[in-house]
Amino acid sequence: MKLIGKSKSIKVGKKGTLFELLVHRIENSIKNDETIIIETNKYIENIEGFKRQIDVFITSTINSYPIGIAIECKDHSKIIDVEKIESFKCKCQRIQKELL
C-alpha cells in the first residue's frame with residue numbers, strides 16, 4: 001500500500017510502519033504551534049556516535065527550553081516485557097544530546 005502525504009509518497013509494508021504514519025498524522029492534526037516539528041523514521045546520532053532510528057520524533061520549545069519526544073511504533077501481539085521498555089529508555093537516554 002502507498003500513502004501519499006504533502007511532501008512525498010511512502011511505501012507501507014508493515015503494520016508498525018502504518019501505525020507510525022497514523023501517529024504522525026494524528027500529532028500533526030492536533031498541533032497548534034508551527035514550531036512543533038514531527039518527523040517519522042528519524043535517525044539521531046547517540047552519544048557514542050552511532051545513528052539510532054526513532055519511529056516518530058517530536059521537537060519543540062517550551063519556555064525557551066528545547067524538548068524532544070520519541071515514540072516507538074511496534075506491532076506486538078502480546079504484552080511488552082520490562083526488558084524492551086528498559087531498552088527503549090536506554091536508547092532515549094543515549095540520544096539526549098540532540099535535545100540539549
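**Entry 1: Thr59**

I began with Thr59 and listed its contacts (heavy atoms within 4.5 Å). Leaving aside the neighbours within four places in sequence, I found Thr59 in contact with Thr35, Ile36, Ile37, Ile67 and Gly68. Is Thr59 buried or exposed? I noted that Thr59 is buried, since its relative accessible area is 18%, and buried means under 20%, exposed over 50% and partly exposed in between, with a 1.4 Å probe and protein chains only.

I wrote down two cautions about the source. The model is predicted, so local features need pLDDT of at least 70 and side-chain atom pairs count only at pLDDT 80 or more, while totals for chains, interfaces and linings use all residues. Residues are numbered from 1 along each chain as its sequence is written, and side-chain values use heavy atoms, with hydrogens and water left out.

**Entry 2: the chain as a whole**

I then looked up the secondary structure, which comes to 2 helices and 5 strands, and along the sequence these follow the pattern β-β-α-β-β-β-α. Of the 100 residues in the protein chain, 23% are buried. Among the contacts with a separation of 6 or more, 30% are between residues 24 or more positions apart. The accessible surface, from the Shrake-Rupley method with a 1.4 Å probe and, for residues, with only the protein chains shown counting as cover, comes to about 7600 Å², and 55% of this belongs to carbon and sulfur atoms.

**Entry 3: the sheet**

In which order do the strands of the open sheet stand? I read the order of its 3 strands as β3-β4-β5, with antiparallel pairing. β3 (37–45) and β5 (65–71) stand at the edges, each with a single partner strand, and therefore one side of each has no neighbour in the sheet. Neighbouring strands are turned by 45° against each other on average, direction ignored; the axes behind such angles are lines fitted to C-alpha atoms, for helices over the stretch in contact, and angles run from 0 to 180 degrees between N-to-C directions. I reminded myself that strands of a sheet pair through backbone hydrogen bonds, and that two strands count as paired if DSSP finds at least two bridges between them.

β3 pairs with β4 (residues 51–62) in the antiparallel sense over 8 bridges. Ile38 stands opposite Ile58 in β4, and Glu45 has Lys51 in β4 as its bridge partner. These two strands form a hairpin with 5 residues between them, and Gly49 in the turn has a positive phi of about 95°.

β4 and β5 pair in the antiparallel sense over 7 bridges, and Ser60 has Ile67 in β5 as its bridge partner. Their hairpin has 2 residues between the strands, and there Asn63 takes a positive phi near 50°.

**Entry 4: Asp55**

I returned to β4 for Asp55, which is buried because its relative accessible area is 3%. Leaving aside neighbours within four places in sequence, its contacts include Glu20, Glu39, Ile71 and Lys74. Asp55 and Lys74 are 19 residues apart along the chain, and their C-alpha atoms are separated by 9.0 Å.

**Entry 5: salt bridges**

How many salt bridges does the structure hold? I counted 3 salt bridges, each being a side-chain nitrogen of Lys or Arg within 4 Å of a carboxyl oxygen of Asp or Glu.

- Glu39 pairs with Lys42, with the closest N and O atoms 3.6 Å apart; Glu39 is partly exposed at 27% relative accessibility, whereas Lys42 is buried at 17%.
- Glu48 pairs with Arg94, with the closest N and O atoms 2.3 Å apart. This pair links distant parts of the chain, 46 residues apart, with Glu48 in the loop between β3 and β4 and Arg94 in the segment after α2 (82–93).
- Glu72 pairs with Lys91, with the closest N and O atoms 3.4 Å apart. Glu72 lies in the loop between β5 and α2 and Lys91 in helix α2, 19 residues apart; Lys91 is buried at 11% relative accessibility.

**Entry 6: a surface patch**

Last, I looked at helix α1 (residues 15–30), where Leu22 has its place and counts as partly exposed at 46% relative accessibility. Phe19, Leu22, Ile26 and Ile30 form a nonpolar patch on the surface, with about 390 Å² of accessible area together. Patches are made of residues with over 30% relative accessible area and no salt bridge, and they join like charges within 9 Å or nonpolar side chains (Val, Leu, Ile, Met, Phe, Trp, Tyr) within 5 Å.

Conventions
Helix = DSSP H or I, 4+ residues; strand = E, 2+ residues; numbered from the N terminus.
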